[in-house]
Amino acid sequence: MLASRLPGLEAALTGLNDLEAQALAARLAKAGDRWPGARPTQEPPSLSYDPPSPPAAYHLLAADGSQIHPDRHAGAPFYLINIGSLQVNVGSGTAPRIHSRPVLFHDPADLYDEYGGLISNELINGRRDAAELGELARLAKGTAGQPTLALLDNGLILWLVLQVRDQPRRPVDEVLQRYMGHLTALRRHGAAVAGVIDRPRHANVVGLAHLGELPVESINDANHKASPYLGLTDRALFNRRLAAGQRSAVFVHGSPVNRDFEAAGHQVHFYYLKTAEDSILRVEIPVWVASDANLLDLTQAAILADAAATNGFPYSLARAHELAVIRQAERQQVEAMLAAALLRHGLPARPSTKSTAKRWLTGRRRHRV
Amino acid sequence: MTTSASTLIGRVTRCSLRGFVGALRLPEPNVPIFGAFCTAEAQQGTSHVVGLIYDITIQDDEFARQIATTEGVSEEQIADQQQNRQIPIEVSALAVGYRRGNRYQQALPPQPPLSLAPIYSLPSAEVVAFTQDLAFLPLVLSAGNLPVDELLAAALQQAALARPQAERRPFLLEAGRVCSRLMADDLGRLDTLLQGLRPVESGA
């Protein structure tokens, strides 16, 4: 039973506090850069932090995106990114300002790479992630100088960069640059920014706890894989350890991509937050939020308040998702409008014979008698 | 809702000869009220069914239900749900007559409106024209499973308000007389209805 190993894991986490800083540093050095576990910060790894009180008034910004990927068989190739966002003036009692911003990409320069290949779905998703952060930066400009938390509905590490092996590097770098630029803008506007992951499946703190138990000379890949805590997650650990409203200590993200973020001044940190019974969120924040007590407290207090009525997941992110989502009917409408526009310019947009044949076959097959 | 111009209330989603149901997405101040007269096109525009709004329902929404059942909901979240989120409102109307050309008929329409036919509020002048004749009252009284007495009182009050001040009281008195004839065998109900027909001074 996995659960029976939780007390041992908890003891291993507490044990980290007793380990001399140098001893832990030696273990981390031996584990090396490629080891994916969490790195500790100034905060003792096993401490839990009570919820701070939120400011009487602050701004909560949330953005989420959705996309229509290009269909090779459709009449007119295009892709679409739609960003939904919510700007809540917490404490005002007024309705939030909502936005839904669709952008249609149909220019060949947007659709095809330098070798003439159709843009990959991963790259489109990366551009969507950057557009979400861009929307938050745009909104934060308007609340500069006032306490503001900007929320994203995923981790802060740009997922696209993790998949870079399969992607042409130049467009990926462009997206990464844009992403970093938006983070820099958010920092300049004085906003805290946090990426929220619901039901996280990471085991980075579990890895760190295990590392603390290993003698330095036994630290190697084989022993990482032979961890007695294999299969246990950070979520299970902190669901047991934290009381509702409490957060874990802040850790440094162990992803190799974090080096790019560190170089740009945005090294990604994270903590776990218990927003409700059995609801653990992973909250990813840049280093400049982690090291500023006011901004760090604002992330914890504002996320808790926002998630109080929605079973532990932030209300504003649920709404941003609702504003972003593209329904099937809307997708068909976009396709029809594009085809009509092409036709006006004398370019009939015909779906491929394959997609036409598929449409014939997906209809009702039985004839009524 | 008696207005000088017709307002688009919503579109028909289902209907029968006895009435129609429409969905609308209007902010709260513009939602039509109980007993208001409305009209929907039928027979390819050659006739217009006149309906009395007898029910307004807000459809179930899982997100709103989740928030409604928990503590810790903020003022901003409530304002967001009520003002920003467009929750479909369903309006049900009882058919009480129809217009063909310039003439109103106080009878069930020959055909119901079709799906997605626009539903408009009936402008004040048309409400006055339709209620010159009170032959539609039996259609209301014979409707089953509806709060017909309250509906009738609300509709007649609306019709009175559509008239100039001086004509309101005589109209309600005449309506009371017609109701007395129609409901002579149920004095208890009649009494309640007549209470509901007492003139009101301000707009509904």
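pLDDT is the predictor's confidence in each residue, from 0 to 100. This is a predicted model, in which local features need pLDDT of at least 70, side-chain atom pairs count only at pLDDT 80 or more, and totals for chains, interfaces and linings use all residues. Residues are numbered from 1 along each chain as its sequence is written, with chains lettered from A and ligands numbered from 1 in the order in which they are written.

**View 1. Confidence along chain B.** Chain B has a mean pLDDT of 87. Of its residues, 92% reach 70 or more. Helices (H or I, at least four residues) are DSSP runs, numbered from the N terminus. Confidence in chain B is lowest in helix H1 (residues 62-68), with a mean of 83. It is highest in helix H3 (residues 124-130), at 95. The model scores ipTM 0.80 and pTM 0.78.

**View 2. The largest nonpolar core.** A nonpolar core is a set of buried Ala, Val, Leu, Ile, Met, Phe, Trp, Tyr and Cys residues joined through C-beta atoms within 7 Å. Buried means that 20 or more other C-beta atoms lie within 10 Å of a residue's own, with C-beta atoms placed from the backbone. The largest core has 87 residues. A:Leu136, A:Leu149, A:Leu151 and A:Val193 have the most contacts inside it. Helix H4 (residues 121-142) of chain A gives the largest share, eight residues. A second, separate core of 46 residues includes B:Val12 and B:Ala162.

**View 3. The side of chain B that touches chain A.** Here 12 residues of chain B are in contact (C-beta atoms, placed from the backbone, within 7 Å) with 15 residues of chain A. H2(B) gives the most to this side of chain B, with seven residues.

Key. Helix = DSSP H or I, 4+ residues; strand = E, 2+ residues; numbered from the N terminus. Buried ≥ 20, exposed ≤ 12 C-beta atoms within 10 Å, placed from the backbone. Contact = placed C-beta atoms within 7 Å.
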